[in-house]
Structure formats: structure tokens, C-alpha cells
Amino acid sequence: MSAHLYPDPLSFALTPTPLQPLVRLSEIIGREVWIKRDDMTGCIATAGNKVRKLEYLLADALEQRADCIVTTGGPQSNHARAAAALAVRLGLEPILVFAGRDPGTRKANLLMNELLGARLVFSGSFTPEDQSAALNKVCEELRQQARNPYLIPVGGSNGLGTLGYIDAYKEYSRQAQAHGLQFDWIFVTTGSGGTHAGLLLGQQSVQNDIDSCEKLIGVSTWLLKEKSKVLVASCMDQANELLPVFPKGNRPDIQIDDHYLGRGYGITTPECLEAVRLIAKTEGIFLDQVYTGKTMAALLDYVKKGTIQPTDRVLFWHTGGAPGIFARDWA
Ligand SMILES: Cc1ncc(COP(=O)(O)O)c(C=O)c1O
């Protein structure tokens with residue numbers, strides 16, 4: 001047990017993840033763009049942003065003597081796949097309660113979950129309320145069988161999970177300093193909110209002059225702006241209870257852009273697909289059609305519109321998700 005209000009995190013992620021210039025992309029678009037490679041936090045099953053959150057959440061699961069984890073998402077959830085892979089390594093049974101119906105086929109993340117031996121449950125529910133009820137029901141049934149489930153919220157986004165991205169910002173900040181770099185913008189994908197929340201809190205805890213630090217743009221891939229802000233704010237408030245960064249009632253501003261969401265979560269856009277192909281062709285790096293491709297589409301559009309100035313330095317925070325490309329027919 002640690003001296004603070006949360007457990008010491010486990011150590012899974014291969015950190016520090018590289019901070020690299022995207023030299024060829026920068027030449028093409030006329031802006032200096034760098035990338036933070038959180039797609040490289042582990043091998044394919046454990047890679048992506050979720051690992052940093054799960055280091056805290058699974059430490060808590062062990063402290064609470066859980067014998068299984070229960071978590072949720074859509075059938076192609078990267079979070080569920082990463083949680084299942086790390087749970088297996090800890091000897092905890094992964095139980096994944098997916099929203100919606102069983103798609104029948106096992107591709108990409110869903111295939112990986114099956115290979116990991118995760119128990120797959122399709123709740124058939126389509127609203128957050130029904131999904132929450134389905135999760136509680138699964139946990140209750142497990143308790144009745146004398147099991148001790150540890151429930152991880154969608155995306156691993158609660159106060160504890162958010163702490164992983166406070167650490168991540170600090171890691172990036174040390175790297176930027178070592179390279180003598182100052183960034184004007186950070187683009188990150190926002191879904192369940194914990195990643196964005198942690199980066200904002202990290203910024204607050206590290207930077208003395210918050211007005212002159214990076215503009216942090218969360219590109220929404222799930223919800224419209226106002227609802228997305230509520231999720232990020234809630235993660236910030238919960239994390240701030242565990243590790244105070246800002247005075248109560250003085251939460252830093254949250255900037256969400258939902259213009260690149262298209263018709264909604266999981267539905268890709270032509271600009272997103274174009275961005276995925278561009279980064280693959282120029283940099284040999286894979287984004288995906290649900291999350292990071294939309295964020296790169298936003299970055300490229302900000303450049304096109306002149307919102308990002310020629311002298312600005314930009315960071316694209318890669319949050320992983322490449323296994324998802326195998327769920328799509330790209331022909
Ligand atoms: C690849 C990828 N990037 C970004 C996100 C969004 O992160 P968060 O849920 O912390 O907002 C997710 C998860 O939903 C994801 O799978």
C-alpha cells in the first residue's frame with residue numbers, strides 16, 4: 001500500500017515512448033510535426049494509450065484481491081483488448097461485456113480477445129444506461145458464484161486511469177526539454193476522456209506559465225463537444241481528488257473539436273481514411289479509421305485552413321488502435 005490515496009502503478013508500458021519528428025510529413029505540409037509514439041507502449045496486444053491507465057487500474061484490482069476483471073466497449077474496443085491482454089498476464093480472467101449484438105465474425109481486436117481466452121459477452125444493449133445495467137448484472141452474477149470481479153469503466157476512464165496520462169505528459173515534457181523543443185499545439189484523440197484529462201492535468205502540474213504552453217486539442221471520436229467535455233471534466237475532477245493539481249472550482253479549460261467526428265462513433269470519414277493512407281505512405285506509421293485517423297484529419301485541416309501557422313510546432317499524440325484496421329475492408 002502506498003502513502004497516497006491510490007496504489008502504486010504496475011509497470012507494463014515500455015516507456016518513455018519515442019518522441020520523433022515526422023520529417024517527410026512536415027516537408028509535405030509545410031509545418032513542423034512531431035509524434036509521441038504511445039502506439040508503442042507494448043507489443044501489439046498491449047499497445048496504445050490504455051496501458052498507461054491500466055497500470056493504475058490493475059494495481060487497484062490486485063490490491064482488492066480481484067480474481068477477474070470486467071470491462072466494456074464496442075466489439076472493436078482497443079481498451080477491452082489491452083485490458084484482456086494485461087489481465088491474462090496477471091492471472092486474472094478477462095470478462096468483456098460488449099455493447100450491441102455479436103457480429104458473428106472474429107476479426108482484429110475481437111479475434112485477439114478470443115485468442116487471449118477472454119470471456120466474451122454481448123449485452124444487446126445500445127444505450128449507456130442499458131449497458132451499465134448489463135455490466136452490473138454480470139458483476140452481480142459473478143459475486144453470487146463467489147468470484148471477486150474488478151469493474152473497469154469504458155476506456156479505463158475514471159480518476160485512477162487518468163493518473164496514467166498525468167505521468168505521460170510529464171514524460172513528454174522531459175523529452176521535449178531534453179530536445180530543447182517547445183510545442184505550440186498538441187492533437188490527441190478524445191473518446192471516453194481519460195487521456196485528454198490526464199494530459200491537461202499534466203500540463204497544469206508541470207508548466208509554470210500555462211498561457212504560453214501548448215494548445216491541447218481533443219478531437220472527439222465518440223460524442224459531440226458538450227457531452228465529450230462532460231466526460232473529460234469528470235475524469236479531471238476525479239483524478240484531482242486523488243492527486244490535487246488545480247484548486248477546486250478552478251478546472252482548466254477543455255478544448256474539444258467535434259468537426260471530424262462525421263456521422264458518429266465507429267463511422268469513418270473520407271478525410272480520416274485519407275489521413276491514414278497519407279501517414280502510412282509517408283512515415284510508415286499506422287493510424288486507424290475510428291480514432292487516430294480522425295485526429296490526424298483534424299491536424300491536416302487546421303494546417304490547410306491556416307489555423308496552425310507556418311512557424312508553429314505541432315505534436316500529434318498517437319494513442320494506438322492500429323489492430324482496428326484489420327476489421328475493415330480497405331479495397
Ligand atoms: C486508439 C485510441 N485512441 C484514443 C482513444 C481515446 O482515449 P480516451 O478513451 O482516453 O479518451 C481510444 C479509446 O477509446 C483508442 O482506442
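**Helix 7**

I started with helix 7: 10 of its 13 residues are buried, so the rest of the structure largely encloses this helix. By buried I mean under 20% relative accessible area, with a 1.4 Å probe and protein chains only. I noted the buried ones as Gly194, Thr195, His196, Ala197, Gly198, Leu199, Leu200, Leu201, Gly202 and Gln203. I checked the length too: helix 7 reaches 18 Å from its first C-alpha to its last, close to the 18 Å expected at 1.5 Å a residue. That expected span is 1.5 Å times one less than the number of residues. Helices here are DSSP runs (H or I, at least four residues), strands likewise (E, at least two), numbered from the N terminus.

**Ground rules**

I kept in mind that this is a predicted model, where local features need pLDDT of at least 70, side-chain atom pairs count only at pLDDT 80 or more, and totals for chains, interfaces and linings use all residues. Residues are numbered from 1 along each chain as its sequence is written, and side-chain values use heavy atoms, with hydrogens and water left out.

**Largest pocket**

Next I looked up the largest pocket, which holds about 1200 Å³ of space. A pocket is an open set of points on a 1 Å grid over the protein atoms alone, where a 1.4 Å probe fits, with protein on both sides within 12 Å along at least five of seven lines; lining residues have an atom within 4 Å of a point. The volume is the space filled by probe spheres set on the points, which are joined across faces, edges and corners. Of its 48 lining residues, Thr72, Gly73, Val154, Ser192 and Trp222 are the closest to the centre.

Helix 7 (194-206) is among the elements supplying at least two lining residues here, as are strand 3 (68-73) and helix 8 (225-242). Helix 5 gives the most, with 6 residues. I also found that domain 1 (19-48 + 157-327) and domain 2 (50-155) both contribute to the lining, so the largest pocket lies between them. Those bounds come from an automatic or database domain assignment.

**Second largest pocket**

I then turned to the second largest pocket, at about 350 Å³. It has 13 lining residues, and Glu271, Ala297, Leu300, Asp301 and Lys304 are the closest to its centre. Helix 9 (270-283) and helix 10 (292-304) each supply at least two of the lining residues, and helix 10 has the largest share, 5 residues.

Conventions: Buried < 20%, exposed > 50% of the residue type's maximum accessible area, 1.4 Å probe, protein only.
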